[in-house]
Amino acid sequence: MSPRRSADTPLLHRVAAVLLRYPDPETLGCLDDVVAVLPAVTDARDRARLAAVTEHLRGLTAAEAAERYVATFDHSRRRCLHLTYYRHGDTRARGMALLALKHLYRRAGQEPPDGELPDFLPLMLEFAALAPEPGRRALMQCRAGLELLRRALAERSDPYTPVLEAVCGRLPRPGHRERDAWQRLAADGPPREQVGLDPFAPPASMASAHMAPAATSTEEDR
């Protein structure tokens, strides 16, 4: 069986969701549990990827982990955890994409929390762990954002890169057209229209989802 469809994919998604959450004391307290379940990830390469990120986080103080998380994900538009932003920016189309994700969650019997947008990657991974097929569809709908985030992390050799590699590796191989589209998005960036998102907010306004300060830096081109 292909590892992309293997029985341990929900577990991989659950672990990845923990590792990509803001590292508050509750999240850091889950890392020992992550270590305990990692042997159940059957693909050795994915197991090593998740273990590397887990050990990296376990080696940091809570303050260090929080500071590095904010620097990685909150100060750059190129490393945003809200995946519809990569394709749609702050536009009406993004509002529609967020609504479509909410409907997908609800059809699967899951209600997204009020404090988070439905395209927040850790939330999407938790959904995929609970509802594997709908969750897989949601990840596929946001595949461009996943791949662009993975590339942006890899470019700076970021310690979080292996988590994205593991998640992306469980999805079907992209075709040439998809890769070309991602290249154009990477080069051009998301649209900048600043209307049409009510009641949703742009990524810089969503830092309250993990209690980190809002992004004010212009690091988006780094």
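Student: What pattern does the protein follow, read along the sequence?

Tutor: Read along the sequence, the pattern is α-α-α-α-α-α-α-α-α-α-α-α. Keep in mind that this is a predicted model.

Student: How many helices and how many strands are there in the protein?

Tutor: The protein has 12 helices and zero strands.

Student: What percentage of the residues count as buried?

Tutor: Of the 222 residues, 50% count as buried.

Student: And among contacts between residues at least 6 apart in sequence, what share join residues at least 24 apart?

Tutor: Such pairs make up 70% of those contacts.

Student: OK, the core. How many residues has the largest nonpolar core?

Tutor: The largest nonpolar core has 51 residues. Leu121, Leu146 and Leu149 have the most contacts inside that core. Helix H8 supplies the largest share of this core, six residues.

Student: Let's do H8. At what angle do H8 and H9 pack?

Tutor: H8 and H9 pack at about 150°, and their axes are 6 Å apart. That angle makes H8 roughly antiparallel to H9. H8 passes H9 in a left-handed crossing.

Student: Which residues make the contact?

Tutor: From H8, the contact uses Leu121, Met124, Leu125, Phe127, Ala128, Ala129 and Leu130. From H9, it uses Pro132, Pro134, Gly135, Ala138 and Leu139. By class, the contact of H8 with H9 has 11 nonpolar residues, one polar and no charged.

Student: Which residues of H9 are buried?

Tutor: H9 covers residues 132-141, and Pro134, Gly135, Arg136, Ala138 and Leu139 are buried there.

Student: What do the buried residues of H9 pack against?

Tutor: They pack against H1, helix H7 (92-107), H8 and H10.

Student: H1 next. How do the axes of H1 and H8 cross?

Tutor: The axes of H1 (residues 9-19) and H8 (residues 121-130) come within 8 Å and cross at roughly 155°. That makes H1 roughly antiparallel to H8. H1 passes H8 in a left-handed crossing.

Student: Which residues meet there?

Tutor: On the H1 side they are Pro10, His13, Arg14, Ala16 and Ala17. On the H8 side they are Pro122, Leu125, Glu126, Ala128, Ala129 and Leu130. The residues of the contact of H1 with H8 divide into eight nonpolar, one polar and two charged.

Student: About His13: buried or exposed?

Tutor: His13 is buried, with a relative accessible area of 5%. The cut-off for buried is under 20%, so His13 qualifies. His13 lies in helix H1.

Student: What does His13 touch, not counting residues up to four places away in sequence?

Tutor: His13 touches Leu125, Ala128, Ala129 and Leu139.

Student: New topic, H11. How many of its residues are buried?

Tutor: H11 runs over residues 161-169 and is mostly covered, with seven of its nine residues buried. Those are Thr161, Pro162, Val163, Leu164, Ala166, Val167 and Cys168. The buried residues of H11 pack against H1, helix H4 (44-58), H8 and helix H10 (143-155).

Student: How do the axes of H10 and H11 cross?

Tutor: They come within 9 Å and cross at roughly 145°. The crossing of H10 and H11 is left-handed. H10 brings Arg143, Leu146, Glu147, Leu149, Arg150, Leu153 and Ala154 to the contact, while H11 brings Thr161, Leu164, Glu165, Val167 and Cys168.

Student: How do the residues of that contact divide?

Tutor: The contact of H10 with H11 has seven nonpolar residues, one polar and four charged.

Student: What's in the loop between H10 and H11?

Tutor: Ser157 is found in that loop. Phi of Ser157 is near 50°, a positive value in a residue other than glycine.

Student: Is Ser157 buried or exposed?

Tutor: Ser157 is exposed, with a relative accessible area of 64%.

Definitions and conventions:
Residues are numbered from 1 along each chain as its sequence is written. This is a predicted model: local features need pLDDT of at least 70, side-chain atom pairs count only at pLDDT 80 or more; totals for chains, interfaces and linings use all residues. Side-chain values use heavy atoms; hydrogens and water are left out. Axes are lines fitted to C-alpha atoms, for helices over the stretch in contact, and angles run from 0 to 180 degrees between N-to-C directions. Helices (H or I, at least four residues) and strands (E, at least two) are DSSP runs, numbered from the N terminus. Angles under 35 degrees count as roughly parallel, over 145 as roughly antiparallel, 65 to 115 as roughly perpendicular and the rest as oblique. A crossing is left-handed if the near helix is turned anticlockwise from the far one by less than a right angle, and right-handed if clockwise. Contact means heavy atoms within 4.5 Å. Ala, Val, Leu, Ile, Met, Phe, Trp, Tyr, Cys and Pro count as nonpolar, Asp, Glu, Lys and Arg as charged, and the others, Gly among them, as polar. Buried means under 20% relative accessible area, exposed over 50%, partly exposed in between (1.4 Å probe, protein chains only). A nonpolar core is a set of buried Ala, Val, Leu, Ile, Met, Phe, Trp, Tyr and Cys residues joined through side-chain atoms within 4.5 Å.
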